[in-house]
Amino acid sequence: LPQGMPLEYNFISNAVVNIKPGLDQLLTLAVSDSLVKFKPVLVGTGSATKYFGIQNPSTKAVLIDSIKLPDYFTASLDGSNFTDQISSISLPSESELTLQIQCHPDSLGKFQGQMEVALSSGTVRRFLEIDLVGFGAPEIGTVITEKNVSGTWSKQNSPYYIVDHVSVASNETLVIEPGTEILSLNSCLFE
């Protein structure tokens, strides 16, 4: 207590002394990223595998009740048996779990959702949500994944599928030949 404060205000010290870490503080995990973004994938095929880390920095094991993935995404702990739900994993203290994630688009366009990691300890539950984004690409044409574009886009390589915002730098040039078809797989800006 501040010097000179009457003792009848001493109730504050008892409250502070009795504060203990709650169970929810034991349910803390770190993740390698809050967004997992896949390059465009040919419709009907699976993507290349992305690796995603979940770390337990605490000194106690954490129970991961489940990991649920949105439609068009699957995960595996060992590179086989990809599934949209993984259940009950004990993550030891100061350790890391590596998930292998794939995107499986069934049509052209953007596929996104949230992977949900559910944790618990007794009656305390906590959820982590990680954004997943993938794109279904066609078998013909050119998929543009770069943000900065330049050069020449020709009719013979079209259609050009834009999956994200693109721009032409002020010191660059983009020539679009007559008859070239440009399609957006997402709501994109072309600057």
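Q: What makes two strands of this predicted model count as paired?
A: Two strands pair if DSSP finds at least two bridges between them. The model is a predicted one, and strand E2 (residues 35–37) and strand E10 (residues 124–137) have three bridges in the parallel sense.

Q: Why do strand E3 (residues 41–42) and E10 count as paired?
A: E3 and E10 share two bridges, in the parallel sense. Leu42 stands opposite Ala137 of E10.

Q: What makes E1 and strand E6 (73–76) edge strands of their sheet?
A: The open sheet has four strands in the order E1-E4-E8-E6, with antiparallel pairing. E1 and E6 each have a single partner strand, so one side of each is left without a neighbour in the sheet.

Q: How do you know that strand E1 (residues 30–31) and E4 are paired?
A: Two bridges join E1 to E4, and the two strands run antiparallel. Because at least two bridges are required, E1 and E4 qualify as a pair. Val31 stands opposite Ile54 of E4.

Q: How many bridges join E4 to strand E8 (residues 95–103), and which residue is the bridge partner of Tyr51?
A: Seven bridges join E4 to E8, which run antiparallel. The partner of Tyr51 is Gln100 in E8, and Gln55 has Glu96 as its partner in E8.

Q: Why is Asn56 called buried?
A: Asn56 lies in strand E4 (residues 50–56). Its relative accessibility is 1%. Buried means under 20% relative accessible area, so Asn56 is classed as buried.

Q: What makes the approach of Asn56 to Ser58 a polar contact?
A: The side chains of Asn56 and Ser58 make this contact at 2.8 Å. The cut-off for such a pair of N or O atoms is within 3.5 Å, and therefore 2.8 Å meets the distance criterion. The side chain of Asn56 also reaches the backbone oxygen of Lys60, at 2.9 Å.

Q: Why is Ser150 called partly exposed?
A: Ser150 is found in the loop between E11 and strand E12 (151–153). Its relative accessible area is 37%. Buried means under 20% and exposed over 50%, so Ser150 at 37% is partly exposed. Ser150 and Val168 are 18 residues apart in sequence, and their C-alpha atoms are 6.1 Å apart in space.

Q: What makes strand E11 (142–144) and strand E15 (182–184) edge strands?
A: An open sheet of three strands has the order E11-E13-E15, with parallel pairing. E11 and E15 each pair on one side only, and they are the edge strands. Neighbouring strands of this sheet are turned by 25° against each other on average, direction ignored.

Q: How do you know that E11 and strand E13 (residues 160–162) are paired?
A: Three bridges join E11 to E13, and the strands run parallel. Since the requirement is at least two bridges, E11 and E13 form a pair. Ile144 has Ile162 in E13 as its bridge partner.

Q: Which residues line the largest pocket, and of what class are they?
A: The largest pocket holds about 160 Å³ of space. Its lining consists of Lys37, Phe38, Lys39, Pro40, Lys50, Phe135, Thr145, Val163 and Asp164. By class, four of these residues are nonpolar, one is polar and four are charged.

Technical notes. Residues numbered from 1 in each chain as written. Predicted model: local features only at pLDDT ≥ 70, side-chain atom pairs only at ≥ 80, totals over all residues. Heavy atoms only, no water. Axes fitted to C-alpha atoms, helices over the stretch in contact; angles between N-to-C directions. 1 Å grid on protein atoms, 1.4 Å probe; cavity = no way out; pocket = protein on both sides within 12 Å on 5 of 7 lines; lining within 4 Å. Points joined across faces, edges and corners; volume = space filled by probe spheres on them. Nonpolar A, V, L, I, M, F, W, Y, C, P; charged D, E, K, R; others polar. Buried < 20%, exposed > 50% of the residue type's maximum accessible area, 1.4 Å probe, protein only. Polar contact = N/O pair within 3.5 Å; in protein donor to acceptor, adjacent residues only side chain to side chain.
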